[in-house]
Amino acid sequence: MKVQKPLAMCFSGHRPEMLPGKGNRSVEGYKQLKSMVDLHVYDAINEGYSVFYTGMARGVDLLAALTVLSYRNIYRHIKLICVIPYRHQNDKYIKKDAYDYGWITYRADQVICLQEDYSRDCMRKRNQYMVDHSDKLLAVVKNYKSGTGMTINMAKRKGIPIDIIDLNSLEPLLEPSPDSAPDYLK
């Protein structure tokens with residue numbers, strides 16, 4: 001009898017500065033993005049995915065990791081694997097990001113550190129590692145000429161499914177203009 005390898009999904013996305021509200025968690029656009037990531041993770045679990053890889057960068061990676069850990073309270077079989085590109089990746093993280101990084105790595109099922117020191121290609125190596133070990137990618141992207149864009153291309157070359165949350169098409173929904181307010185609020 002052949003043992004089937006568990007289905008794995010990895011995450012890729014931008015740093016907080018490129019996210020709605022510049023990553024401010026109290027901004028409505030960020031809350032909507034968080035809900036979208038939450039729904040994608042929920043759907044993946046219900047499709048049979050049980051292993052989730054995060055690259056532990058500020059922004060989408062930490063958001064996705066926190067989402068997986070919140071679901072682990074309900075779905076005890078799911079696993080979170082942190083893929084750290086170099087040992088001191090978090091040295092410049094401050095406040096909430098630093099706290100989240102420590103909390104996530106403490107709660108993760110496995111932490112994989114790919115190399116000791118920073119190098120120009122360490123993030124690409126991390127992204128390639130995650131794609132190589134995954135059966136699906138969830139990407140949150142605004143700029144396709146970025147590390148996230150490169151990761152999408154890696155997943156395309158591998159031929160795995162890609163779920164994309166394109167921030168360009170969502171921007172009008174996530175960041176309503178003052179002109180869109182009802183007349184009684186103007």
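Two strands count as paired here if DSSP finds at least two bridges between them. Keep that in mind as you click around this predicted model.

Start by selecting the strands: 6 of them form an open sheet with parallel pairing, in the order 4-3-2-1-5-6. At the edges you'll find strand 4 (110-113) and strand 6 (162-166), each pairing on one side only. Turn the view a bit and look for the twist, which averages 20 degrees from one strand to the next.

**Strands 2 and 3.** Now pick residues 49-54, which make up strand 2; 4 bridges join it to strand 3, and the two run parallel. To see a pair of bridge partners, show Phe52 and then Leu80 in strand 3.

**Helices on the sheet.** Next, bring up helix 2. It lies across strand 1 (7-13), strand 2, strand 3 and strand 5 (136-141), at about 145 degrees to strand 1.

**Helix 3.** Last stop: select residues 95-107. At 1.5 Å a residue, these 13 residues should span 18 Å, and the end C-alpha atoms sit 19 Å apart, which agrees. Colour Asp97, Asp100, Tyr101 and Ile104, which are buried. Look down the axis of helix 3: the buried residues fall within an arc of 105 degrees, so they line one face. They pack against helix 2 (60-72) and strand 3 (79-84).

Technical notes. Residues are numbered from 1 along each chain as its sequence is written. This is a predicted model: local features need pLDDT of at least 70, side-chain atom pairs count only at pLDDT 80 or more; totals for chains, interfaces and linings use all residues. Side-chain values use heavy atoms; hydrogens and water are left out. The expected span of a helix is 1.5 Å times one less than its number of residues. Buried means under 20% relative accessible area, exposed over 50%, partly exposed in between (1.4 Å probe, protein chains only). The arc is that of the directions from the helix axis to the C-beta atoms. Contact means heavy atoms within 4.5 Å. Axes are lines fitted to C-alpha atoms, for helices over the stretch in contact, and angles run from 0 to 180 degrees between N-to-C directions.
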